Amino acid sequence: PRHRRPRRRHDEARQEDPVFWWQGDVGQGVRVAFTDRGAGNLALHTGDDADAVRSRRAALERSIGVPGGSLVFLEQVHGTDVADADRDDRPAVPTADAAVTATGVPLAVMVADCVPVLLVGEGPRGPVTGVAHAGRRGLLDGVLERTVEQLRARGARGLSAWLGPSICGSCYEVPAAMREEAVARVPAVAATTSWGTPALDLRGGARERLSALGVGVVEPTADTGSSCTLENEQLSSHRRDPGSGRIVGLVWGTGPRGEDAA
Ligand SMILES: [Zn+2]
């Protein structure tokens, strides 16, 4: 099943509506989604044409029904800073690897092998939501712990996390010393490639960290192929193809509050 062929070529859909690897209604008027390459590259930092990226982002906003320009993207630096999307004085593009909101600001996180994590909890005045970019560095340094801490500081209870497509433990080869260092900090990342060399299972690490924090973990599967970014060419993988850009994880509100926040 890991090697099921894509049902359609991403190129054919590129000029049309954005294409999602998976999306779902998660209650409280909140939806979560992960794009695939059918939505095109959504990152401004990969050398792609900036106007084309902006128009893809605008198409994505129209598609999910949020106001143009309202979707918050981050300047991701493999750190552990968590942006407060509710602050009036926040930069348009915060430098952070996670973001949280208690007012329904639509959030995006870009990935191409790292794990996109979307979080939703119940707050005192409606849903509290967040996104996090869990790559090797961020995962080991505690980006998930810091994001959950910030969500709970806003009153979030009953947190759940949706883990999106990422490179799997059978594909993510690393030097033995790197695996050793990682496993010492998050044992669940220990993995071996399908060809028998040291590897990391970032998703397994994220799953273990979130579970330890008392967060319910959901790992959606799509009928369009593997959730491994390296194996599924409909997904962006920096390792397979550095030019494949970035897919995104999204969390947004569909209720009246989201419209008020506009
Ligand atoms: Zn894989």
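Visitor: Is Q28 buried, exposed or partly exposed?
Guide: Q28 counts as partly exposed, at 37% relative accessibility. Buried means under 20% relative accessible area, exposed over 50%, and partly exposed in between (1.4 Å probe, protein chains only).

Visitor: What kind of model is this?
Guide: This is a predicted model, in which local features need pLDDT of at least 70, side-chain atom pairs count only at pLDDT 80 or more, and totals for chains, interfaces and linings use all residues. Residues are numbered from 1 along each chain as its sequence is written, and side-chain values use heavy atoms, with hydrogens and water left out.

Visitor: Back to Q28, then. Where is Q28 found?
Guide: Q28 sits in the loop that separates β1 (20-25) from β2 (30-35). Strands (E, at least two residues) and helices (H or I, at least four) are DSSP runs, numbered from the N terminus.

Visitor: And what is the phi of Q28?
Guide: The value is near 60°, which is positive although Q28 is a residue other than glycine. Most residues other than glycine have a negative phi. D113 also has a positive phi, near 120°.

Visitor: Where does D113 lie?
Guide: The loop between β5 (107-111) and β6 (115-123) holds D113. With a relative accessible area of 7%, D113 is buried.

Visitor: A new topic: which residues coordinate the zinc ion?
Guide: C168, C171 and C228 each give an SG atom and E231 gives an OE atom, at 1.9 to 2.3 Å. Donors are N, O and S atoms within 2.8 Å of the metal (3.2 Å for Na, K and Ca); water is not among the atoms, so sites may look incomplete.

Visitor: What is the geometry of the site of the zinc ion?
Guide: The site is tetrahedral, with angles of 101 to 116° among the four donor atoms. Four donors count as tetrahedral if all angles lie between 85 and 135 degrees.

Visitor: How are the donor residues spaced in sequence?
Guide: The spacing is C-x2-C-x56-C-x2-E. C171 lies in the loop between β8 (157-163) and α5 (176-185), and C228 in the loop between β11 (216-218) and β12 (247-253), so the pair ties together parts that are 57 residues apart in sequence.

Visitor: Is C228 buried or exposed?
Guide: C228 is buried, at 2% relative accessibility. C171 is buried as well, with a relative accessible area of 9%.

Visitor: What else is found in the loop between β11 and β12?
Guide: G243 is found there, and G243 is exposed, with a relative accessible area of 65%. The C-alpha atoms of G243 and N41 are separated by 9.2 Å, while the two residues are 202 residues apart along the chain.

Visitor: Now the sheet. In what order do the six strands come?
Guide: The open sheet runs β3-β4-β7-β6-β8-β11, with mixed pairing. Its edge strands are β3 and β11, each pairing on one side only. Two strands pair if DSSP finds at least two bridges between them.

Visitor: How does β4 pair with β3?
Guide: β3 (residues 82-84) and β4 are parallel, over three bridges, and D84 has V100 as its bridge partner in β4. Four bridges join β4 to β7 (residues 126-134), and those two strands run antiparallel. There, A132 is the bridge partner of A98.

Visitor: Which way do the residues of β4 point?
Guide: From β4 (residues 98-101), A98 and V100 point one way and A99 and T101 the other, and all are buried. In a regular strand the side chains alternate between the two faces of the sheet.

Visitor: How many bridges join β8 to β11?
Guide: Three bridges join them, and the two strands run parallel. A161 has V217 as its bridge partner in β11.

Key
Tetrahedral: all angles 85-135°; square planar, octahedral: opposite > 155°, others 65-115°.
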